[in-house]
Amino acid sequence: MFIFICLVYLSQYSKCIASVEPQDNQETQQFYRISMVSSHENPGSPALFIHGKSPVWDPVLQSLYFVDARDNKVHKLDYVSGKITSKYIGYGEVNVVSLVSGSQRVLVSVRSALYLLEWGMTGDEALRLVTTLDMGLPDNVISDGKPDAEGRFWAGTKGPERGDEVAPDKGTLYTIEQESFAKPRIQIRPVSISSGLVWSLNNSVLYYIDSATQKVEAFDYDLHKGDLSGRRTILDITNYGYEDAFPDGMTIDSHGKLWVALMLGGTVLHIDPDKGQVIFGYKLPVSRVSAVCWGGPNFDELFVTTARGNHDVTNEPLGGAIFTIRGTGSRGHLTRHNEHFNAFEFTNLTFTHAESPVWDTATNTLFWVDVINQDVHSLNYYTGSHDIKHIAYGEVNIVMPIENSRRLLVGVRCELFLLDWYKPGDAALRLVAALDEGFPDNVLNEGKADAIGRFWGGTKGRQNRHIVTPDEGTLYSLEGPNFIPRIHVKPVTISNGLVWSLNNTVMYYVDSFTRKVEAFDFDLLKGRLSNRRTIYDVSEDFPEPVIADGMTIDIHGFLWVALMFEGRVIRIDPDRRYVVETYKLPVSRTTSMTWAGPALDNLVVTTSRRDMDVTALRQEPLSGSLFILHRLGTTGVPDYKFVFPNADNY
């Protein structure tokens, strides 16, 4: 174990709070332990830093990230081995680190800017600028920051600092929305020292600290809009004998209670925010306590970062150590969003209009199309090999694996073809069927196979930029041996998402123009639809032009729908007919998605930059990327394959 025990305290030895009786009798009667992170090179000595800050626990890697603000370093502590690896940033003061889920990158603050940091790269190449705050105030720095449950990042600044003195009222608390990194939004101004940030368990309250006020404050919080209101004081630490201390970093536990580090107070306060009372104070053998976070395998160890001043080395030899407090009877509140900047990563590949992602479980390969560039793409999960097949024949909207065949089914313009990846030019295509004959400007827009390998696909009418001629499309099915198109729904404007319930008795369907997700009773054997009804109406939650686009399903039977022009993926309970989760991406044009990876636990989301001008692309530079959402608490089910007997010899 990487921790060596430094001190064992009976709780009565801790600094009890004058004039306030502890509110939790069980807590005051139990033993708790304070231990320290040891030096990996010298296990008998503590690892010391100049100004430890911003601890963040990674439950996947079982590692603690933190920064040394004065030494310009980001550190990562492996819980099991005790080894600390470091990343030096010779670019200025580093105050914040935050996780980017499923990625080697982390988000860091350097001076007054936010960067993505590639842990495996060296030098300046490791940094990618996200945004800059407090422009025109070169001596200001970002002092704290965290993401909320929607993935927007909250970052606060402080003014110029000399010793322990900070110029008052020079800072600001900002939010950085993922679709507009370049335009930070001012939330609170002026601020002196923006510090602790954390949200209530139901995300309806933001708790916040401007250290110079010596108060812990609260705001009513609108998670969807990112708006604050109703500012009030939860706790003034000067009322508890800490006239010379300042509240700093803050976290929350699974009971909704706050834990606050006291800089120059040498204590971690356990606070009941509803009663506005201190439950208990945990005294440390140092005075400069900077921040706290929950971690450890059971998420019940409170990691505490500390700092050392210029005159503290003799009086406080443990200043700058990383402590853990154990046996408190509390634990952290671990959620999917727990201290993660966002829940996605993105590939380095960008496309004009990516669509129709599908995962082939037999080959561990992801297929998708770039509609406008007329390309079919494949990406092998294990080798990382990315291949492209160009089809110089018109818009390519659909790609689908074929059962027991090396060929693929593709939709080109308004026709379906078998595609042989290994043949050149037109020789690679074999016509299967033509749809919407007599409507030469119509195109296939979406297609999938059902559980017996029958193809279902829909068309849309003529399109001029975002405007599609209404009621010119149709939803068809095709099956062997003759593959004659069969009409199921007509008219249709923009045929999109298709998926079946886990027991194959319901087909869910999207005609984007209606702004609805609909359901039909489904007879799998006969391929018949009946009893059309609405499952979810986009217009109830989102204004025009937001529409439903591609769709998939998870192992719990919940639907996942891409919202075009909103940049969201929503998860719908189709039985109760409401949205249970929503995920925001830093782009507006989300087109479709599929479950991928050997365990089907990664949600790949395709996006578009079609018809976006230069100004729009500057605001959304990741448009057209493939995004991969991780740790969603569920997995997908395999996509069915198209059945075409003897396809390789056709």
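Is cysteine 414 buried or exposed, and what is its relative accessible area? In this predicted model, in which local features need pLDDT of at least 70, side-chain atom pairs count only at pLDDT 80 or more and totals for chains, interfaces and linings use all residues, cysteine 414 is buried, with a relative accessible area of 3%. Here buried means under 20% relative accessible area, exposed over 50% and partly exposed in between, computed with a 1.4 Å probe on protein chains only. Cysteine 293, at 0% relative accessibility, is likewise counted as buried. A search of the whole structure for disulfides, defined as pairs of cysteine sulfur atoms within 2.5 Å, returns zero. Residues are numbered from 1 along each chain as its sequence is written, and side-chain values use heavy atoms, with hydrogens and water left out.

An open, antiparallel sheet is formed by four strands in the order 29-30-31-32, strands being DSSP runs of E of at least two residues, numbered from the N terminus, that pair if DSSP finds at least two bridges between them. Strand 29 (354-360) and strand 32 (386-390) stand at the edges with a single partner strand each, so one side of each has no neighbour in the sheet. Neighbouring strands of this sheet are turned against each other by 20° on average, direction ignored, the axes being lines fitted to C-alpha atoms. Five antiparallel bridges join strand 29 to strand 30 (residues 365-370), and aspartate 360 stands opposite threonine 365 in strand 30.

For residues 354-608, the end C-alpha atoms lie 6 Å apart, and the span is 0% helix and 57% strand, helices being DSSP runs of H or I of at least four residues.

Conventions. Axes fitted to C-alpha atoms, helices over the stretch in contact; angles between N-to-C directions.
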